[in-house]
Amino acid sequence: MTIRRLMLWFIPVAATLAGAACWYVFRRGEPLPAAPSTRVVKLVRAVSAGRAGGISYPGKVNPVRHAELFFRVSGPVIERNLKYGQTVEKGEVLMKIDPRDYEREVERLTQELEMQKVQNSLAAIEYSRNRKLLESQAVSQAVFDAAATRKQASDAQLRMLEVSLRIARDKLQDTVLTAPFHGTVSELKIEQYEIAHANVPVVVLDDLREVEIKISIPAGNLPDTSIHDGKRFIGMTFDVTFPGRGNKVFQASIYEFKPVASAESESYEVTLHMKVPDDFLILPGMSAEVHGLPYFDRKRTDQLRLPFAAVFERNGQTAVWVYHPGSARLELRPVKTGRTVDANAILIEGNLKPGEYVVAAGGDWLTGETSVRLLNPEILHENN
């Protein structure tokens, strides 16, 4: 009797436990309801691809002033107190070559000139005397003409020696090489006591207080108007960064445009100038990136530019999250992607308007019900 009562009690309990287990297993296969949460997001504004601020271009740093200095005369180097990276001022002596041969040439020509001056004086006296005698018909015309010819030859010889002496003095002066501008020694091509040959570079000098950055712009991205239009390009300032050297942003302005395409590709060289700050070392050969140059697409005018991270896949569609400031809510917006602009951006075609606010990254973690807090709320108050 006791066992029967125990069985009658156990069967309902077991059925209840089995049902609970089945319910638990069934629920494990279903997604649990998402608890309400708040996520921090950063916004970007959808910008027209034809608007300034679209493209970044890589470039190389070169000094604005670069000179390969040489002697104009030859000779052994007797003074060369220079080191790589040394800064020199304009007019400072860089090197000297042995001046003895050139000093002696100056002395020789100086003496010849003095002797010629004496000869020229005698020729002048003879010419003057024969001219008076010719007037009184004391000498023949042939004698006077001979005296006049000797005077002309003496004058020419005097002038030739004067020029030769000036050249010799210039050569003597050229035995000293001075800095033509404030600069830094970038390369030394000769050692002390070696022979310096005329017109062969011996030292390279760069002015590193101002540098130039050369970039190449594809032909399809040149403006329809002249690139020399000051309101559009020449003189305009753009952001510059140096990859691998931190995130500091500098300013460089467009200085000139080379209207001849490169031989390798159909692109055109644009040069920007920038002052080198005292607290940041910038050297020739460094890589740079110029940001914000305009992009011109003549086929489409409705393309917008967004960061790569703003675009994601949801339900087999490419989409972005559009933020509505009035309601502080997100809207899932399917979009069509176009070509890439640079390493960080892509073009969006249709279904998005210029000026709309888009979540910059992390779209996979969001839903239309997600409450968001803005990392950069100041963007809502910026002018379009």
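Predicted model: local features only at pLDDT ≥ 70, side-chain atom pairs only at ≥ 80, totals over all residues.
Student: Which residue forms a salt bridge with E105?

Tutor: That is R108. The closest N and O atoms of the pair are 2.7 Å apart. The cut-off for a salt bridge is 4 Å, so the 2.7 Å between R108 and E105 passes.

Student: Where do R108 and E105 lie?

Tutor: Both are in helix α2, which covers residues 100-135. They are three residues apart, about one turn of the helix. R108 counts as partly exposed, at 39% relative accessibility.

Student: How many salt bridges does a search of the whole structure find?

Tutor: It finds 19. Let us read another one. R100 pairs with D98, and their closest N and O atoms are 3.0 Å apart.

Student: Is D98 buried or exposed?

Tutor: D98 is buried. Its relative accessible area is 16%, and the cut-off is 20%, so the label follows.

Student: Which residues are linked in a network of salt bridges?

Tutor: Look at R65, D207 and R209. The side chains of D207 and R209 meet in a salt bridge of 3.1 Å, N to O. Now read each partner by itself. D207 is buried, with a relative accessible area of 6%. R209 counts as partly exposed, at 45% relative accessibility.

Student: Now a loop. Where is R80 found?

Tutor: R80 sits in the loop between β5 (75-79) and β6 (87-88). At 14% relative accessibility, R80 counts as buried.

Student: What does the side chain of R80 reach at 2.9 Å?

Tutor: It reaches the backbone oxygen of I190. The R80 side chain also makes a polar contact with the side chain of E191, at 3.4 Å. The cut-off for a polar contact is 3.5 Å, so the 3.4 Å between R80 and E191 counts.

Student: Which residues does R80 touch, not counting residues up to four places away in sequence?

Tutor: R80 touches L94, M95, L188, I190, E191 and Q192. Find R80 in the structure, then pick out I190, whose backbone oxygen the R80 side chain reaches. Next, pick out E191, the partner in the polar contact.

Terms used
Residues numbered from 1 in each chain as written. Heavy atoms only, no water. Buried < 20%, exposed > 50% of the residue type's maximum accessible area, 1.4 Å probe, protein only. Helix = DSSP H or I, 4+ residues; strand = E, 2+ residues; numbered from the N terminus. Polar contact = N/O pair within 3.5 Å; in protein donor to acceptor, adjacent residues only side chain to side chain. Contact = heavy atoms within 4.5 Å.
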